[in-house]
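Please open the structure in a viewer and keep a selection tool at hand.

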Protein chains: 2
Amino acid sequence: MGSTAAEPTTLPLTRASVVAAHALIKPYIHLTPVQTNTTLSTLASTPQSPEALKGTPWEGQPPARPKIKLFFKCENFQRIGAFKARGAFHAVRRLVERQGLEEVRRRGVVTHSSGNHAQALALAAQTFAIPAHIVMPAISTPSKIAGTRAHGARIYFSGPTAPEREAVVADVLRETGATLVPPYDHPDVILGQGTMALEFAAQVDELVGGRAELGVHREGGRGLDAVITPCGGGGMLAGNAVALRGTGVRVFGAEPSFQGADDARRGVERGERVRSVRSLTIADGLRTPLGEWNWGVVADEEFVGGLYAVTERNIRDAMRLVLERVKCVVEPSAVVGLAAVLFNEEFRGVVEREAGEEGWNVGVVFSGGNTTVEAIAQIFREVPEERAERQEGVVGMDGERVAENVAG
Amino acid sequence: MGSTAAEPTTLPLTRASVVAAHALIKPYIHLTPVQTNTTLSTLASTPQSPEALKGTPWEGQPPARPKIKLFFKCENFQRIGAFKARGAFHAVRRLVERQGLEEVRRRGVVTHSSGNHAQALALAAQTFAIPAHIVMPAISTPSKIAGTRAHGARIYFSGPTAPEREAVVADVLRETGATLVPPYDHPDVILGQGTMALEFAAQVDELVGGRAELGVHREGGRGLDAVITPCGGGGMLAGNAVALRGTGVRVFGAEPSFQGADDARRGVERGERVRSVRSLTIADGLRTPLGEWNWGVVADEEFVGGLYAVTERNIRDAMRLVLERVKCVVEPSAVVGLAAVLFNEEFRGVVEREAGEEGWNVGVVFSGGNTTVEAIAQIFREVPEERAERQEGVVGMDGERVAENVAG
């Protein structure tokens with residue numbers, strides 16, 4: 001589909017390009033809030049118990065002792081409920097610059113997505129009175145179909161597989177001459193997603209510098225030391241890495257390990273992009289393999305400091321903490337970064353070694369909050385045995401760690 | 001217990017007293033954010049369908065057509081996850097002023113509560129190194145007991161009934177000489193809760209005046225026209241009413257109707273306070289009858305413009321909307337104000353008549369967010385038949401109203 005996609009932007013993948021992207025999309029997106037939470041920062045700074053490490057790759061090892069102050073970038077409060085609005089608005093704005101508004105309005109835009117990108121592109125297109133053609137699997141949840149349609153998009157149903165989906169996209173392209181705006185594998189999309197990092201760094205600077213009453217432990221100190229984001233197709237991770245390169249803020253990615261959804265980590269390990277993923281991880285936004293453009297950034301250690309995998313249980317435990325302590329509604333994909341900070345000993349060891357006694361201010365991106373009460377109930381209904389263990393205090397968020405922190 | 005309670009403050013129940021309370025507690029509480037949501041404002045401004053009114057007192061009547069822009073004061077992000085921190089900090093600060101810090105530290109404070117006030121008083125006492133004695137029913141949920149204990153409070157267990165609870169409190173008073181800080185029926189507590197109204201009004205002024213990009217429909221226009229809060233014991237409602245009297249901002253209260261939990265509304269109707277409530281409404285923070293001090297304010301139409309009751313289904317529907325659209329975790333008690341705005345035709349009629357074409361900026365207080373994923377699952381598992389109806393678009397948030405608004 002390369003030839004029918006939007007022509008690659010002339011903007012290089014640099015921080016300056018992200019700054020330009022931010023200027024362009026600022027009127028159309030929310031400046032999402034940054035939250036802190038004493039309970040979770042204390043939990044992140046408390047070693048996991050030997051019990052909690054049983055059955056993990058780190059069983060029997062002494063637990064890491066990192067010092068971590070957490071900051072949460074709440075993209076669940078972004079328009080359409082997820083960060084995808086940033087990339088979609090940027091891609092559409094750049095397309096209008098290249099083709100002219102009348103031409104874009106004549107031809108329209110097209111994408112395939114069952115999730116947040118569909119709604120994001122529909123909203124961005126609607127804002128400029130551009131027709132949007134969205135190809136969705138017929139099995140998509142009714143609320144997502146309704147959400148996309150509510151923004152005036154025309155929906156095309158396809159079968160669930162990639163070839164079926166692409167066949168319908170090809171039909172639309174032929175009939176309409178619309179331009180493809182892919183969900184993550186495009187420089188305009190990467191630069192758009194990176195805009196969150198500019199806001200995040202500035203917001204944490206302000207919090208750390210100006211408001212000692214928030215309990216920030218280093219008055220007047222530096223802001224973010226590191227950012228960790230979820231990684232599915234890699235648009236957000238690559239965008240953050242591009243935006244923060246050269247600033248001294250390290251960027252890390254987190255993935256689910258379930259059924260090989262940690263394709264970026266595995267690809268970097270073997271030196272070659274993993275092109276196909278078939279995972280049914282509960283982090284359903286992260287079931288896709290890393291895109292080509294995204295791989296170019298994510299696999300480059302000048303950009304991304306490391307990739308860390310988390311289990312389904314880690315994701316559920318992190319999601320519970322965000323819902324019950326931070327009081328934010330997040331989708332499972334949104335908490336894999338926090339899960340890595342709390343439960344991945346490899347990441348925690350990095351922080352312990354590199355940050356030492358002083359600790360790090362770690363920025364965690366909550367990527368989106370598009371879920372339902374039924375989905376939440378389903379996620380926590382699945383695992384009664386985990387619940388029993390949790391109440392006995394033997395799993396991830398074990399008794400000792402929570403006892404110190406509850407309701408802070 | 002009147003003689004053992006903190007002596008009534010010398011401060012009268014006036015706006016000036018709330019301003020003084022705010023100055024006193026500001027360093028210890030969060031300035032909680034105010035959120036807006038296009039979807040919910042549109043929904044509030046869309047008439048309910050005749051179908052949705054079937055089986056309600058308004059069946060067969062033409063639905064009201066109010067114009068409403070909603071603003072949410074997110075006290076679920078307050079310390080300990082609920083507004084109760086305000087009243088507790090204020091009561092403790094005033095007690096220290098009257099008795100002296102050393103005396104308060106020697107005698108301690110005591111209260112009975114199974115919920116948010118227990119944690120709030122424990123936190124406030126801990127902040128000033130004051131011993132806190134908290135009487136809780138032995139059947140309280142373990143997480144709330146742990147949360148209270150985590151703030152260093154000493155827990156005393158009692159039976160579930162009021163006499164059993166009061167007997168234990170009397171024991172503690174005898175043994176320790178501690179001062180009782182009641183959960184709502186005290187001027188210091190009322191004035192403390194009222195501080196949220198000062199912030200709320202100022203925050204909305206800023207949003208309406210300064211930031212047209214948020215989609216506020218009246219640039220440079222006035223701020224809040226009305227505030228609606230949940231009403232249980234009445235501390236928050238009375239506090240808001242005291243804080244806003246004379247400002248032109250009207251104040252309303254909302255209650256669950258289930259098993260007579262709308263005791264304030266019924267009391268005002270018959271001209272006498274209802275002294276006892278036995279309701280198991282899912283809004284478990286609102287099962288208590290209005291307190292005496294609170295009645296003095298709430299029953300006075302100079303302070304409170306009206307009280308409106310909502311059904312359990314209304315509460316669930318509102319809670320779903322807040323979780324899924326606003327992406328905020330709220331407890332059922334927190335959404336009865338929103339439920340009244342969306343579903344109570346009497347309230348909606350008032351707005352239509354008084355605000356006319358220009359509409360009202362209605363401030364809704366989300367009082368707290370202390371719930372669990374299991375409790376959320378339970379609330380929405382209870383009613384499969386409602387879910388089926390909802391998916392067919394025949395209940396409260398009916399098809400037509402949501403179709404226009406989904407994912408906004």
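The stops below cover a sheet in each chain, the interface between the chains, and salt bridges.

This is a predicted model, in which local features need pLDDT of at least 70 and side-chain atom pairs count only at pLDDT 80 or more, whereas totals for chains, interfaces and linings use all residues. Residues are numbered from 1 along each chain as its sequence is written, chains are lettered from A and ligands numbered from 1 in the order in which they are written, and side-chain values use heavy atoms, with hydrogens and water left out.

**The sheet of six strands in chain A**

Select β1, β2, β10, β7, β8 and β9 of chain A: in that order, these six strands form an open sheet with mixed pairing. Helices (H or I, at least four residues) and strands (E, at least two) are DSSP runs, numbered from the N terminus; two strands pair if DSSP finds at least two bridges between them. β1 (34–35) and β9 (306–310) of chain A each have a single partner strand, so one side of each lacks a neighbour in the sheet.

Next, display β2(A) together with β10 (360–366) of chain A; they run parallel and are joined by seven bridges. Here Cys74(A) has Phe366(A) as its bridge partner in β10(A).

Contact means heavy atoms within 4.5 Å; axes are lines fitted to C-alpha atoms, for helices over the stretch in contact, and angles run from 0 to 180 degrees between N-to-C directions. Then show α14 (336–343) of chain A, which lies across β2, β7 (226–230), β8, β9 and β10 of chain A and runs at about 145 degrees to β10(A).

**A salt bridge within chain A**

Select Lys73(A) and Glu199(A), whose closest N and O atoms are 2.8 Å apart in a salt bridge (a side-chain nitrogen of Lys or Arg within 4 Å of a carboxyl oxygen of Asp or Glu). This pair connects distant parts of the chain, 126 residues apart: Lys73(A) lies in β2 (68–74) and Glu199(A) in helix α9 (187–210) of chain A. Over all chains, the whole structure holds 38 salt bridges.

**The interface**

Show both chains and select the residues in contact: 34 of chain A meet 34 of chain B. Two salt bridges are counted between chain A and chain B. One to display is Arg320(A) with Glu374(B), at 2.8 Å, N to O. On the side of chain A that touches chain B, α7 (142–150), α13 (312–326), α16 (373–381) and α17 (384–392) of chain A each supply at least two residues. α16(A) gives the most, with six residues.

**The sheet of four strands in chain B**

Finally, select β5, β4, β3 and β6 of chain B, an open sheet in that order with parallel pairing. β5 (154–158) and β6 (179–180) of chain B are the edge strands, each pairing on one side only. Helix α7 (142–150) of chain B packs on this sheet, touching β4 (132–137) and β5 of chain B, and its direction makes about 145 degrees with that of β5(B).
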